[in-house]
Amino acid sequence: MKNPLRIALAQINCTVGDISGNSEKILSYIKMGMEKGVDIIVFPEMAICGYPPEDLLLKGKFIKDNIRALNNIAGTCRRITAVIGFADSDIEGVYNAAAVINSGRVQGIYHKMILPNYGVFDEKRYFKRGDNCPAFNLDGFIFGVNICEDIWHASGPAGLLAKNGGASLIINLNASPFHAGKHLERKKILGHRVSETGASIAYANLVGGQDELVFDGGSMLMESDGTILAAAPHFKEEFLIADLPQKETGKAAISKKAILLEGKIAKKGDLISAPKAAELEPLEEIYSALVMGSRDYVEKNGFEGVIIGLSGGIDSALTAAIAMDALGSDRITGVAMPSRYSSKGSVDDAQALADNM
């Protein structure tokens, strides 16, 4: 049996446009990964520039700054391989991209091939479609990389990486927005892909609120038999580490096409027990999304606090409770507007709510 591959999924909360802040966070997680003997650390989609950057992608300086940040990060990766989402460009246009970093430099880049353009997504407006999905060889372990929507389609790059590239692991970078029950859909889709490809999947998702969107995390490592080896919690940052057993795949001849990375997969001492976060109840899931979305909207826009109109009714009571859990009582001002049209009960209930909060 070969040495297991130690994988870290860095489920981080990034801010659109804050390239320096996002980079500092990425560097801190890379440092943790090196300290814990991680072989490959994976970050979410567009981690360096934040998702969705939208019209910032039309600014040439923004693209250059995010690529410069990527190269600065690459210089720190000496004993670890990192897979990081960023915005790439060439003479053809801008790409939603993932860089594979090893030995202090970018060794390969993947460009997202399937661009979503429905619901909250508008990627065809900003990005060019990629047309190549290289495989990578780390000490005989073959893996491929793709991004978010790529994993949702049976005819997508995951199959190409497994069948033509010999990949036994597909690393999928995500900025997958939340809606109620979305995590169940993801598990179902990943189950289909491992069944079709025979490869394990490392699914790293963004977490946090960004304007009208909430990203719920829920990163996971699914083995080639469909077993979930490790799962991160929803609605919080997490550094998920797991040891993935290496299995003989019989694809050695095909895997010679893979880009060769430097470094040896070290023999592990005590294997890390892979944590599996508990599922949230449906109402808890929705409430957690509201709290995170509210907190990040206030924090990322630099607001000092919020003002809430208190009517004494259930709507303002629920709004106040969400704000309380998101920000704390010292950042909330409740305002009641008693008039000849407000009943004594409404005013009393509003005061009681403020006192309780």
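Predicted model: local features only at pLDDT ≥ 70, side-chain atom pairs only at ≥ 80, totals over all residues.
Tutor: α1 passes α2 in a right-handed crossing.

Student: Why are α1 and α2 called roughly parallel?

Tutor: Look at the angle. Helix α1 (residues 19-35) and helix α2 (residues 60-74) pack at about 20°, with axes 10 Å apart. Roughly parallel means under 35 degrees (over 145 is roughly antiparallel, 65 to 115 roughly perpendicular, the rest oblique). So α1 and α2 are roughly parallel.

Student: Which residues make the contact of α1 and α2?

Tutor: From α1 come Ile19, Ser23, Ile26, Leu27 and Ile30. From α2 come Phe62, Asp65, Asn66, Ala69 and Ile73. Contact means heavy atoms within 4.5 Å. By class, this contact of α1 with α2 holds seven nonpolar, two polar and one charged residue.

Student: How do the axes of α7 and α8 lie?

Tutor: The axes of helix α7 (residues 282-300) and helix α8 (residues 314-327) cross at roughly 65° and come within 8 Å. The crossing of α7 and α8 is right-handed. Among the contact residues are Tyr287 and Leu290 of α7, and Leu318 and Ala321 of α8. The contact of α7 with α8 has nine nonpolar, one polar and two charged residues.

Student: How do you know that tyrosine 51 is buried?

Tutor: Its relative accessible area is 6%. Buried means under 20% (exposed is over 50%, partly exposed in between, with a 1.4 Å probe and protein chains only). Therefore tyrosine 51 counts as buried. Tyrosine 51 sits in the loop between β2 (40-42) and α2. Leaving aside neighbours within four places in sequence, its contacts include Val16, Met46, Phe121 and Phe215. Its C-alpha atom is 9.5 Å from that of phenylalanine 86, 35 residues apart along the chain.

Student: What stands out in the largest nonpolar core?

Tutor: This core has 49 residues, of which Val83, Phe143, Val145, Leu169 and Ile171 touch the most other members. Strand β7 (residues 141-147) gives the most to this core, with five residues. Apart from it lies another core of 44 residues, among them Tyr29, Ile73, Ala82 and Ala87.

Definitions and conventions: Residues numbered from 1 in each chain as written. Heavy atoms only, no water. Axes fitted to C-alpha atoms, helices over the stretch in contact; angles between N-to-C directions. Helix = DSSP H or I, 4+ residues; strand = E, 2+ residues; numbered from the N terminus. Left-handed = near helix turned anticlockwise from the far one by under 90°. Nonpolar A, V, L, I, M, F, W, Y, C, P; charged D, E, K, R; others polar. Core = buried A, V, L, I, M, F, W, Y, C linked by side-chain atoms within 4.5 Å.
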